[in-house]
Amino acid sequence: MGTSPTLKWLQQHDPLPEMQLHDLIRVMSEGFGLFCSLQPKGKDYGVRFSDKLRTLRAGSEEFKSMVVTTHHRNGVSVSPLLLAQLLAKFDIPKDNFRRVYNRLLSQPPAGPGTGT
């Protein structure tokens, strides 16, 4: 999976963005320690996220998981609504998501006097 160009910096009150699936995988795995597994051949428009490894490290055998699919099975974009459901499933506050998203995928907006 490739890398997207630098994405828009998310401010505190910005809505959740539509995302490329590979960017979502990166944010959720690197930023929140979720395990991501691709769906079987022919269903490559979806990914299963789970906190199994994180939960097992904490000594529990119960874990959460959720399949996320792309729009119209195109294998590319994940809707903001589905992203919100994913965050709720894993108890990830939107502000934490925005912070990790910005750290991994975007650059801060240019300020006055920065020459950009």
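Mentor: We'll go from the overview to the sheet, then to a helix and a few single residues. Keep in mind that this is a predicted model.

Trainee: Okay. How many helices and strands does the chain have?

Mentor: Four helices and five strands. Along the sequence the pattern reads β-α-β-β-α-β-β-α-α.

Trainee: What is the mean pLDDT of the chain?

Mentor: The mean is 82, and 73% of the residues reach 70 or more.

Trainee: Which elements have the lowest and the highest mean pLDDT?

Mentor: Helix α2, residues 52-57, has the lowest at 62. Helix α3 has the highest at 96.

Trainee: What share of the residues is buried?

Mentor: Of the 116 residues, 35% count as buried. The accessible surface comes to about 7300 Å². Carbon and sulfur atoms make up 53% of that surface.

Trainee: And the contacts? What share comes from residues 24 or more positions apart?

Mentor: They account for 56% of the contacts with a separation of 6 or more.

Trainee: On to the sheet. Which strands form it, and in what order?

Mentor: Three strands, in the order β2-β3-β4. The sheet is open, and the pairing is antiparallel.

Trainee: Which strands stand at the edges?

Mentor: β2, residues 35-38, and β4. Each has a single partner strand, so one side of each has no neighbour in the sheet. Neighbouring strands are turned by 25° against each other on average, direction ignored.

Trainee: How many bridges join β2 to β3?

Mentor: Four, with the two strands running antiparallel. To see one, pick S37: its bridge partner in β3 is R48.

Trainee: How many bridges are there between β3 and β4?

Mentor: Five, again in the antiparallel sense. G46 has T69 in β4 as its bridge partner. F49 is partnered by M66 in β4.

Trainee: Is β3 mostly covered or mostly open?

Mentor: Mostly covered: four of its five residues are buried.

Trainee: Which helices lie across β3?

Mentor: α1 lies across β2, β3 and β4, and runs at about 10° to β3. α3 lies across β3 and β4, and runs at about 170° to β4.

Trainee: Let's stay with α3. Which residues are buried there?

Mentor: In α3, residues 80-89, L82, L83, L86 and L87 are buried. They cover an arc of only 140° around the axis, which puts them on the same side of the helix.

Trainee: Why would residues spaced like that end up pointing the same way?

Mentor: An α-helix has 3.6 residues a turn, so residues three or four places apart point the same way.

Trainee: What's on the other side of α3?

Mentor: L81 and A88 are there, and both are exposed.

Trainee: And what do the buried residues of α3 pack against?

Mentor: Several elements. Among them are strands β1 (19-20), β3 (46-50), β4 (65-69) and β5 (77-78). Helices α1 (21-32) and α4 (94-105) are also included.

Trainee: Is D91 buried or exposed?

Mentor: Exposed, because its relative accessible area is 57%, and the cut-off is over 50%.

Trainee: New topic: S77. Where is it found?

Mentor: S77 is in strand β5. It is buried, because its relative accessible area is 11%, and buried means under 20%.

Trainee: What does S77 touch?

Mentor: Leaving out residues up to four places away in sequence, S77 touches E18, M19, Q20, T70 and H71.

Trainee: Last one, L38. Where is it, and is it buried or exposed?

Mentor: L38 is in strand β2. It is exposed, with a relative accessible area of 57%.

Trainee: How far is the C-alpha atom of L38 from that of R48?

Mentor: They are separated by 6.4 Å, and the two residues are ten apart along the chain.

Notes
Residues numbered from 1 in each chain as written. Predicted model: local features only at pLDDT ≥ 70, side-chain atom pairs only at ≥ 80, totals over all residues. Heavy atoms only, no water. Buried < 20%, exposed > 50% of the residue type's maximum accessible area, 1.4 Å probe, protein only. Arc of directions from axis to C-beta. Contact = heavy atoms within 4.5 Å. Pairing = 2+ DSSP bridges. Axes fitted to C-alpha atoms, helices over the stretch in contact; angles between N-to-C directions. pLDDT = per-residue confidence, 0-100. Areas by Shrake-Rupley, 256 points an atom, 1.4 Å probe, with all protein chains shown as cover.
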